[in-house]
Amino acid sequence: MKTTYQYIDQIKDQYGNLLSSWGVYEKTITLENIGEKPIMSVKILKQFESVKEAQKYLDKLLGNE
């Protein structure tokens, strides 16, 4: 079973400090066998200077325009 969803989050640097930019991310959770731990992968699709721009992109990506 594989579940994928997209979301917006503020981008962090390598030390975990929040930066003044936002990203649209895609998270995929895969469960191969019942009873095993799920495998999660997260990738950034695109980076933006404002959350408003990121929301526009996410709406377009999801077909919610």
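Leaving out residues up to four places away in sequence, Val 24 touches Tyr 7, Ile 8, Lys 43, Ile 44, Leu 45, Lys 46, Phe 48, Ala 54, Tyr 57 and Leu 58. Contact here means heavy atoms within 4.5 Å. This is a predicted model, in which local features need pLDDT of at least 70 and side-chain atom pairs count only at pLDDT 80 or more, while totals for chains, interfaces and linings use all residues. Residues are numbered from 1 along each chain as its sequence is written, and side-chain values use heavy atoms, with hydrogens and water left out.

Val 24 lies in strand E2. Strands (E, at least two residues) and helices (H or I, at least four residues) are DSSP runs, numbered from the N terminus. Val 24 counts as buried because its relative accessibility is 0%. Buried means under 20% relative accessible area, exposed means over 50%, and partly exposed is in between, with a 1.4 Å probe and protein chains only. From Val 24 to Asp 13 the distance is 15 Å, C-alpha to C-alpha, and the two are eleven residues apart in sequence.

### Strand pairing

Strand E2 (residues 18-30) is joined by ten bridges to strand E1 (residues 2-12), and the two run antiparallel. Two strands pair if DSSP finds at least two bridges between them. Within this pair, Gln 6 stands opposite Glu 26, and Tyr 5 has Lys 27 as its bridge partner. E1 and E2 form a hairpin with five residues between them, and Gly 16 in the turn has a positive phi of about 90°.

E2 is also joined to strand E3 (residues 39-48), by nine bridges, and these two strands run antiparallel. Here Glu 26 stands opposite Lys 43.

### The salt bridge

How many salt bridges does the structure hold? There is one. A salt bridge is a side-chain nitrogen of Lys or Arg within 4 Å of a carboxyl oxygen of Asp or Glu. Glu 26 forms a salt bridge with Lys 43, and their closest N and O atoms are 3.6 Å apart. Glu 26 is buried, at 17% relative accessible area, whereas Lys 43 counts as partly exposed, at 47%.

### Other residues in the strands

Ser 20 is found in strand E2. With a relative accessible area of 63%, Ser 20 is exposed. Not counting residues up to four places away in sequence, Ser 20 touches Gln 10 and Glu 49.

Gln 47 has its place in strand E3. Apart from neighbours within four places in sequence, Gln 47 is in contact with Ile 11, Ser 21, Trp 22 and Gly 23.

The table gives C-alpha distances for two pairs.

| Pair | Separation along the chain | C-alpha distance |
|---|---|---|
| Ser 20 and Phe 48 | 28 residues | 9.2 Å |
| Gln 47 and Gln 14 | 33 residues | 16 Å |

### The helix and a surface patch

Helix H1 (residues 51-62) has twelve residues and reaches 16 Å from its first C-alpha to its last, close to the 16 Å expected at 1.5 Å a residue. The expected span is 1.5 Å times one less than the number of residues in the helix. Gly 63 follows H1 and has a positive phi, near 80°.

Leu 62 lies in helix H1. At 42% relative accessibility, Leu 62 counts as partly exposed. Together with Leu 45 and Leu 61, Leu 62 forms a nonpolar patch on the surface, with about 230 Å² of accessible area for the three together. Patches are made of residues with over 30% relative accessible area and no salt bridge, where like charges are joined within 9 Å and nonpolar side chains (Val, Leu, Ile, Met, Phe, Trp, Tyr) within 5 Å. Accessible areas come from the Shrake-Rupley method with a 1.4 Å probe, and for residues only the protein chains shown count as cover.
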